[in-house]
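Student: Please pick one part of this model and go through it closely. Then place it among its surroundings, with every cut-off spelled out.

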Amino acid sequence: MQTFDLEAQGLRALNSTLHAQAANTNQTHWEIVNPKGSHAIAVGLDAPIEINIKGSTGYYCAGMNKQATVNVHGSVGPGTAENMMSGMVVVEGDASQYAGATGHGGTLVIKGNASSRCGISMKGIDIIVHGNIGHMSAFMAQSGNLVVCGDAGEALGDSLYEARIFVRGSVKSLGADCIEKEMRPEHIAILEELLERGGCDAKASEFKRYGSARQLYNFNIDNAY
Amino acid sequence: MCGIVGLFLKDATLEPQLGDMLTDMLITMTDRGPDSAGIAIYGDESKGNARLTVQSNTPNVDFAKLDSDLSERVQGKVSITLKDTHAVITLQADQVASAREILSEIRPDVRVMSHGSTLEIYKEVGLPKNVADRFDVRKMSGTHGIGHTRMATESAVTTMGAHPFNTGIDQCLVHNGSLSNHNSLRRKLRRLGVHIETENDTEVGAAYLTWKMQTGSTLGEALTSSLDDLDGFFTFVVGTKDGFGVVRDPIACKPAVMAETDQYVAFGSEYRALVNLPGIEDAKVWEPEPATVYFWSHNAAPTAQEKAA
């Protein structure tokens with residue numbers, strides 16, 4: 001295992017070292033110590049390596065991730081795993097605003113709570129939150145799954161396209177064009193796999209499913225040219 | 001962007017280190033606001049006395065013999081402590097009103113930064129580190145304090161545009177965000193006779209809170225009504241003689257992190273600002289909820305009151 005002291009060696013050295021890891025690298029395990037809330041830790045990775053960050057991070061941790069597994073042993077700041085393409089990011093603590101925003105693929109697991117705008121404009125990422133999520137989550141979400149074991153804040157799924165949202169607890173309010181939908185056997189199967197992947201101790205049958213009513217401008221054929 | 005830091009001590013043994021801890025937190029937030037910086041610090045009280053922190057661009061001229069000139073006019077004891085472009089005038093609490101009138105007459109270029117019994121506000125244009133050095137903030141002790149690093153968006157980079165703003169006796173406000181209805185609100189408040197000096201949006205927010213409290217609201221009520229009357233983005237941190245409070249607008253896009261231990265409650269725009277506080281590894285760390293007024297006081301239990309939507 002490689003250990004990297006972020007405070008001593010600096011962010012640029014960290015990210016360029018991680019970017020230099022090829023697909024067949026032998027240095028597959030990395031531990032980052034002294035993150036101290038720094039921004040942009042382990043962004044833009046593109047190798048099947050595992051990173052363990054020992055502490056809390058600032059903005060944009062593990063953004064644009066491909067292939068890599070990033071575990072954060074603490075809480076994360078705004079924009080964590082933003083625009084992730086593939087791989088896995090696991091946060092032991094809480095996540096600030098817009099976690100997993102615009103993510104195209106991969107899995108983001110948040111073991112604490114996520115705050116506002118979680119999964120905003122998500123495009124295929126799977127986001128699994130053990131706790132609660134804040135307001136305007138999954139705003140304009142296009143594809144992928146958002147699983148919330150706790151409660152959801154105001155305006156959940158506003159202007160939603162085709163993403164699936166599963167919530168176990170209460171929803172403070174639904175956003176425009178977001179409705180509760182029937183939980184069919186295929187959804188139970190999808191959710192069971194997601195809960196297992198996210199390490200959640202919850203039963204799929206306890207969740208409700210929310211999705212797009214497909215009534216907004218872009219969905220209405222009469223609006224077409 | 002802007003950076004905010006705040007520290008409210010529960011453990012009195014940390015009081016001599018307040019200025020030092022706040023300075024480190026402030027310097028960490030330089031990236032968020034390199035234009036100007038300011039700090040409000042709540043120190044010792046001397047019974048029956050009040051403090052005016054004042055500023056001048058020509059301190060050598062304006063502060064020369066200011067104590068004796070003021071003392072003669074108010075017919076009371078006046079002492080003065082100089083700190084770079086600022087000075088702290090100590091005088092009898094019941095003579096403050098007349099002293100301020102006299103001050104504007106005999107030293108028209110001197111600006112009052114704060115008025116209180118324990119509060120002092122220091123703020124200037126420049127990097128946070130340089131501003132903290134100029135006023136020797138590291139050596140200050142106190143019970144609680146608030147700091148701000150500014151990246152101006154709504155008005156000019158000037159001393160008077162820097163934060164914190166004094167909103168009433170021993171009260172101050174710092175702001176991260178931008179208010180979009182400050183012009184109309186400024187006109188409204190000026191019509192009601194409220195003095196607003198600059199074109200700065202936060203000064204209007206501060207004047208609004210002052211006006212609410214002068215017309216019968218408590219600080220908590222004033223903060224709650226600000227959620228209806230102020231349009232725009234804001235994370236506010238307010239200081240009072242015995243506590244500090246936090247409120248974020250309902251959209252809450254301006255960042256905020258809080259930490260609490262048995263020794264302190266701390267606020268930072270980012271977690272980075274808190275990482276060197278004692279015992280932070282085991283602190284309760286959380287993001288304050290939108291549209292919720294939080295308050296900690298040395299004289300009462302902490303409160304978190306969510307405004308009904």
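Tutor: Start with the open sheet of chain B, which has seven strands. Their order is β7-β2-β8-β1-β14-β13-β15, and the pairing is antiparallel. Strands (E, at least two residues) and helices (H or I, at least four) are DSSP runs, numbered from the N terminus. Two strands count as paired if DSSP finds at least two bridges between them. The model is predicted: local features need pLDDT of at least 70, side-chain atom pairs count only at pLDDT 80 or more, and totals for chains, interfaces and linings use all residues. Residues are numbered from 1 along each chain as its sequence is written, while chains are lettered from A and ligands numbered from 1 in the order in which they are written.

Look at the edges of the chain B sheet. β7 (119-125) and β15 (284-286) of chain B each have a single partner strand, so one side of each lacks a neighbour in the sheet. From one strand to the next, the twist averages 10°. Such angles run from 0 to 180 degrees between N-to-C directions; axes are lines fitted to C-alpha atoms, for helices over the stretch in contact.

Now zoom in on one pair. β1 (residues 2-9) and β14 (residues 264-268) of chain B are joined by five bridges, in the antiparallel sense. Within this pair, B:F8 has B:V265 in β14(B) as its bridge partner. Helix α1 (residues 18-28) of chain B packs on the sheet. α1 of chain B touches β1, β2 (36-42), β8 (144-150) and β14 of chain B. The direction of this helix makes about 155° with that of β1(B). Contact here means that the C-beta atoms of two residues, placed from the backbone, lie within 7 Å.

Next, the helices of chain B. Two packed helices are described by the angle between their axes and the distance between the axes. Take α6 (residues 182-191) and α7 of chain B: their axes are 10 Å apart, at an angle of about 40°. α6(B) and α7(B) are therefore oblique to each other. The cut-offs are these: under 35 degrees is roughly parallel, over 145 roughly antiparallel, 65 to 115 roughly perpendicular, and the rest oblique. The crossing of α6(B) and α7(B) is left-handed. That term applies if the near helix is turned anticlockwise from the far one by less than a right angle; clockwise gives right-handed. From α6(B), the residues B:H182, B:L185, B:R186 and B:L189 meet B:D201, B:V204, B:A207, B:Y208 and B:W211 of α7(B). This contact has six nonpolar, one polar and two charged residues. Nonpolar covers Ala, Val, Leu, Ile, Met, Phe, Trp, Tyr, Cys and Pro; charged covers Asp, Glu, Lys and Arg; the others, Gly among them, are polar.

α7 (residues 201-214) of chain B also packs with α8 (residues 219-229) of chain B. Their axes come within 9 Å and cross at roughly 130°. α7(B) and α8(B) are therefore oblique to each other. Here the crossing is right-handed. α7(B) contributes B:Y208, B:L209, B:K212 and B:M213. α8(B) contributes B:L219, B:A222, B:S225, B:S226 and B:D229. By class, that makes five nonpolar, two polar and two charged residues. B:Y208 is listed in the contact with α6(B) and in the contact with α8(B).

Step back to the whole of chain B. An automatic or database domain assignment supplies the domain bounds. Domain 1 of chain B takes in 2-43 + 140-306, and domain 2 takes in 45-117. Their C-alpha centres lie 25 Å apart. Seven residues of domain 1 of chain B contact seven of domain 2 of chain B. The domain 1 side has three nonpolar, two polar and two charged residues.

Finally, the neighbouring chain. 14 residues of chain A contact 10 residues of chain B. The chain A side has one nonpolar, 11 polar and two charged residues. Chain A has an open sheet of 11 strands, with mixed pairing.
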